[in-house]
Amino acid sequence: MISTWVSVIVMLVAFVNGARNEDDIQPCTEVQTSSSVVPLGSPVTATCVIRYGCHLVIGQAIHIEWRLGDHSLPGSQVANESGRFSEVVIPSFNHTREFLTCCVQASPVQVVGGVAIRAGYPPEAPQNLSCQTNLTTPETLTCSWDPGQQETHLHTMYTLHIKIWDSNENHTYELLPGVHRYTIPRSGFVLFSNMEIYVKAVNELGEAASAPIILEPVSAAKFDPPTILKVQVVPKKYGCLKLSWSLSQQQAWMRDYRFNLEVQLKTADNSQRSEQPILVSRVRPTRSVDQCRLLHGTQYLIQIRVRYQQGPWSEWSSSRSGVTLESAPTGRLDSWMKASGDHMHKQLNIHLFWKPSKQFRANAQNVSYIVSVKRLPGEKGKLCSTKGNYCTFKLPGKAKKVYLSAINAAGKSHPTEVRIYLPKASSVISDITVLPHDDRSLLVQWRSLVSSSLTGFVVEWRPLLETDLSLTQFEITDRNQTQFLTTGSFEPYKPYGISVYPRFKDGIGLPQTVNAYSRQKVVNADPEERRVVLKDLNTVSPYEAFMMVSTFGGSLNGSTIHFEVEAFDVVAVVMIVTVSGVGLSLLIIFIVLTCFSNQQRLKGRFWPSVPDPANSSIKRWTSESTQDSHLSWDNEEPDPMYLSHLSFLDLPVKPSKEDDDPWLSNAEDTSDLGESICGSPFIRGYSGSNSDSVPYATVVFSSPCNSPTPKEAHVYLRSESTQPLLETEESFSPKCYHNMASDRIPSEQCFFGPSHDCVPEKGADPGILWDDFPFLRALALNDTQND
């Protein structure tokens, strides 16, 4: 802000404090400096001359003062009578930009002139100039460089210069400030012609150019990742694979040029990997490449990359696999044997474990192992055969050693001799401890007593949560070794059993065993609490926990507990939630359908229509009419009349005078309204009927139902049902019925009421009464069927 005001003041001095007449436009002062742009830290010299006639100094003594920004500088005035000239020297100008002003001591001090001085550094020569060609569409050449570490504090311009030798063409490309990378279009270069390229940097203090580079654009191209077409076995050459490869489709036009090729190989199980890629020089894409000195019968994963001349390497190709020719296994196997049983009676059970030594080569994909009591394995002396890493067998009585061999399709290895060491009751190991080294290793330490017969130790470890013996691992150590770092696929928070066995010249001693974890959790408890919550535990996994109390005086461990977390039946919970959700959904759907369905239909579902027998009608009568009828659920509207059940009653014939009045003799039998009388449980052949149906009337026969039609008239009895089926049955039920089913028409008969209430009617047309009295029509049809 101060510098801005100073510049404004200088401008005012230049235009306001000058000569006031139009003929003289010269300023009052003239300030000159050695340079307005100087190297940072260099000396600066400036002079100030006050012109005669300047109205600011008329009639008063002149004393010139210098200021750099807001700070005063000592000046030197030339000894003359006017004192109008002054000079100042700045030994080291340490500002990147500042105003140097010339002032006259007046009241107040007047600024009469000044100059802006900038400082910085000349540009450095650009470094690390490199260019890379892109051969994909569109083809371009991109160059980049390093402008240097030093800041110039001045505006610096960079230009890229290209000279094509074959055509003597020159191209110059200007760059935007702060940009140190430029992409040249395809029209600015020739793929197979040498070019000279350099970068120039220019500012007000000087210029500098990078060292020129000479390149052929095609040799600076980074090619696309190549493609491995196939990997083949070289016939009759063990440990060799033949690779066929090609460039990408966009760059296939260069298939006749020679490239440098690098091959990266590793075994499929990652047991071995080439430390450095194998370089194959000057090879055409049309030619295959042989890679030898590989393991026999081993699957390899192969990748390649290419470059042209000294250009950049392409990215690695996708992996392709290949298997070399198989050969017989070579090398020996490391073994560890444990014996149990009664060795006095020559009944020993042997657990034999083995693993490949550093020199062992399976030389095949499928390898099996044979344990035999004979040096040459055969069916006669074979004890076991397996593809695993252990074997259990009973030792023959006189055997002192067994032989372990590896076999593949190409042959068998030289047998490894395994001596049978009997178990001994002595132990020299004490104070075994196991410390977690990291998530994948445990440090086992032990102490042992001095024994002349001791030959070494065996460290064995296995996961305690697994019962598979193939997971057992071991390592044989020297007799002077008292610690071993076990490595392998240890899982955190899971227990492992670690045992150390002493090996003697004549047997195996008693082991020391501890349980250990590659990682443990410590949970801090509140001192005021007497419980702690353990989180993130796995289900169906045994845990070991102990309490430790600590003070400033030390720590003390409490008792150790073992526990398991019960599995939570997630499947059952999901099923319960699912069934509950489905049931709730069905309930909601049922309620919605019920609410929006037809009211009459809803009423018919829950409160069936109960018809009045007197007003009922039958549209159709079949032989199945004696069975229960139900409302049709498919019709939009139920039938207005519902005939539920029709019962027929066969009365036993009694030789008495009361036979002519079945009502008086069997009135109590008519109260069974829930069963068909013709199919009564008291009658042979009873089959039962729908117990939910209730007849409204009972027809009483004086002879069995299937007997010929009697000559006398049938008798109809009123139902004695106590259900309130008919609200006003006296007003709707007729008091006298005529028997229309008889061949002859009697004078009168009374039913459903006392005889004195009946008024006989004569001369009724029988054809008119059929539709009005459905029970009578049913009887007529029943008589017809009985005939």
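**Ground rules**

I am working with a predicted model, so I note that local features need pLDDT of at least 70, side-chain atom pairs count only at pLDDT 80 or more, and totals for chains, interfaces and linings use all residues. Residues are numbered from 1 along each chain as its sequence is written, and side-chain values use heavy atoms, with hydrogens and water left out.

I took strands as DSSP runs of E with at least two residues, numbered from the N terminus. I called two strands paired if DSSP finds at least two bridges between them. Strand 34 covers residues 429–438 and strand 35 covers residues 441–448; the two run antiparallel, joined by 7 bridges. They make a hairpin, with 2 residues between the strands.

I then followed strand 35 to another partner. Strand 38, residues 483–487, pairs with strand 35 over 5 bridges, again in the antiparallel sense. Here I found L443 opposite L485 of strand 38.

**Entry: the disulfides**

How many disulfides does a search of the whole structure find? I got 4, counting a disulfide as a pair of cysteine sulfur atoms within 2.5 Å.

The sulfur atoms of C48 and C102 are 2.0 Å apart. Their link is left-handed, with -80° about the S-S bond. C48 sits in strand 3 (residues 44–50) and C102 in strand 8 (residues 97–104), so this pair ties together parts 54 residues apart in sequence. For burial I used relative accessible area with a 1.4 Å probe and protein chains only: buried is under 20%, exposed is over 50%, and partly exposed is in between. C48 is buried at 0% relative accessibility, and C102 is buried at 0% as well.

C131 and C143 form another disulfide, with sulfur atoms 2.0 Å apart. The torsion about their S-S bond is about 110°, so I noted this disulfide as right-handed. Since C131 is in strand 10 (residues 127–134) and C143 in strand 11 (residues 140–146), the pair ties together parts 12 residues apart in sequence. Both of these cysteines are buried.

For C240 and C292, the sulfur atoms lie 2.1 Å apart. The torsion is about 115°, so this disulfide is right-handed. C240 lies in the loop between strand 18 (227–233) and strand 19 (241–246), and C292 in the loop between strand 22 (289–291) and strand 23 (299–307), so the pair ties together parts 52 residues apart in sequence. Are the two ends buried or partly exposed? C240 counts as buried at 3% relative accessibility, while C292 counts as partly exposed at 29%.

I also checked C103, which is in no disulfide; the nearest cysteine sulfur belongs to C102, 6.6 Å away. C103 is buried at 1% relative accessibility.

**Entry: T324**

Where is T324 found? I placed T324 in the loop between strand 24 (320–323) and strand 25 (333–342). At 3% relative accessibility, T324 is buried.

A polar atom of the T324 side chain lies 2.8 Å from the backbone nitrogen of G297. The T324 side chain also reaches the backbone nitrogen of T298, at 3.1 Å.

For contacts I used heavy atoms within 4.5 Å. Leaving out residues up to four places away in sequence, T324 touches residues including G239, C240, L241, H296 and Y300.

Conventions
Helix = DSSP H or I, 4+ residues; strand = E, 2+ residues; numbered from the N terminus. Polar contact = N/O pair within 3.5 Å; in protein donor to acceptor, adjacent residues only side chain to side chain.
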